[in-house]
Amino acid sequence: MAEPSNVPTASATPAATGRGNRRRMVWWPRRGRHEAPPPDTGAGVAAEAAAGSRAQAATGLWRMRTTVDERPGALAALCAALADGAVDILTLQTHPLGESTTVDEFMLRAPAGLAKDRLVAMASAGGGRDTWLERADAHELVDVPTRVLSIATRTALDTAELPLALRSLLGRCTIRSIPAVSLTGRPMDDPVPLEGVLEETVLRLPDASGGTIVVERPQLPFTPAEFARARALVQLDTRLGQRVPRSRDLLTLPEGNAITVRRADPDDLEDARAMHDRCSEATLTQRYHGPVHDADRYLAHLLSPRFGRTLAVETASGRLVALGHLLWDGDEAEVALLVEDDWQHRGIGSELLGRLVDMAVEAGFENVYAVTRAANTGMIATMRGLGLPLDYQIEEGTMVLSAPLAPVAAAPAAEGR
């Protein structure tokens with residue numbers, strides 16, 4: 001999930017200037033009690049800022065985890081080994097694994113030319129083992145309490161934020177919400193105890209709806225501290241109950257009709273079923289790709305904020321005429337639209353899709369995709385209208401259209417041993 005917009009980023013110029021001011025404050029008294037400090041000319045400040053910018057450009061950020069022995073001096077030895085390679089430690093978290101070992105998590109600023117293998121070797125020389133590395137960015141330069149409070153605030157305002165908040169809390173991971181029963185009424189999974197279950201790279205936490213939240217991170221085992229944080233966040237969500245923002249946007253269609261776009265929730269189930277009844281068989285078939293008489297069974301799932309976000313479109317009289325869904329699917333998000341027949345070809349689908357994509361970008365997803373019939377020219381044209389490069393996959397009449405939300409190169413893959 002992208003980090004909140006108020007997270008401070010690392011700005012080269014103010015940081016460099018601040019360090020310079022502190023150096024002068026320490027250096028001046030040593031020259032003499034009555035000697036004034038040298039004047040700070042604009043050229044001097046600019047030169048220092050430029051030097052700071054060049055130094056910043058010549059470095060890269062890494063997130064590193066390594067296991068060390070729990071003994072006096074072990075952390076100092078590891079820090080010294082990193083310092084020998086001109087690696088700056090920006091933040092540090094400790095995750096105790098017992099009385100004998102600790103997992104230390106660092107945010108590092110290293111010379112740009114320093115290879116990953118060299119960083120691993122430095123950690124090993126300092127006593128670290130099972131070292132894991134991943135590229136980081138400046139948005140992650142925020143202390144843990146501030147980040148956790150921001151995540152908790154987002155969760156408190158919107159039930160749909162919980163999966164995204166867990167991703168922000170735990171890093172690169174896959175989150176699945178498993179309902180208690182399937183659409184056919186069959187139990188989906190064994191009940192999870194209230195305290196949850198930690199299985200190295202998998203967390204299982206009870207959902208307020210009676211299902212299970214499964215968090216998987218194959219590349220990196222979860223620590224007991226991370227398990228406790230995730231469990232506390234889920235418990236907060238459970239205690240607060242269902243929450244959906246009540247903002248409403250009033251729009252005017254090209255032909256002059258007024259519509260309202262708002263977030264939908266399970267309370268809209270009956271109105272959504274009524275819209276189904278007014279939709280033609282062809283419209284429902286294009287949306288659900290299956291027997292039309294089964295369409296109503298999907299609505300409770302689609303309207304649940306646990307599985308994503310849904311936008312509803314209402315007429316001036318309050319009648320529901322369209323739904324747009326953004327559904328969480330690991331590192332991707334699925335978009336889906338249903339517009340009542342009498343309200344099609346008026347720009348409602350494009351309006352909903354644009355808003356759903358904006359939500360996906362805000363949530364930090366790298367791709368969105370839509371599943372539709374190959375003959376559904378309306379949905380294909382709406383996806384093309386996004387102005388994003390599309391990838392088409394067709395199999396047995398079903399088409400999957402995928403759109404990247406950011407350049408692939410901007411999303412560094414996990415690196416490690």
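Colleague: How many bridges join β5 to strand β8?

Modeller: Strands are DSSP runs of E with at least two residues, helices are runs of H or I with at least four, and both are numbered from the N terminus. Two strands pair if DSSP finds at least two bridges between them. Here, five bridges join β5 to β8 (residues 212-216), and the two run antiparallel. In this pairing, T174 has E216 of β8 as its bridge partner. The model is predicted, with local features requiring pLDDT of at least 70 and side-chain atom pairs pLDDT 80 or more, while totals for chains, interfaces and linings use all residues. Residues are numbered from 1 along each chain as its sequence is written, and side-chain values use heavy atoms, without hydrogens and water.

Colleague: In what order do the four strands form the open sheet?

Modeller: The order is β5-β8-β7-β6, with antiparallel pairing. β5 (174-178) and β6 (197-199) each have a single partner strand, so one side of each lacks a neighbour in the sheet.

Colleague: Which strands does α7 touch as it packs on the sheet?

Modeller: Contact means heavy atoms within 4.5 Å. α7 touches β6, β7 and β8. Helix α6 (residues 162-170) lies across β5, β7 (202-206) and β8.

Colleague: At what angle do α5 and α7 pack?

Modeller: Axes are lines fitted to C-alpha atoms, for helices over the stretch in contact, and angles between N-to-C directions run from 0 to 180 degrees. Helix α5 (residues 144-157) and helix α7 (residues 224-240) pack at about 30°, with axes 9 Å apart. I151, A152, T155 and A156 of α5 meet L233, L236, D237 and L240 of α7.
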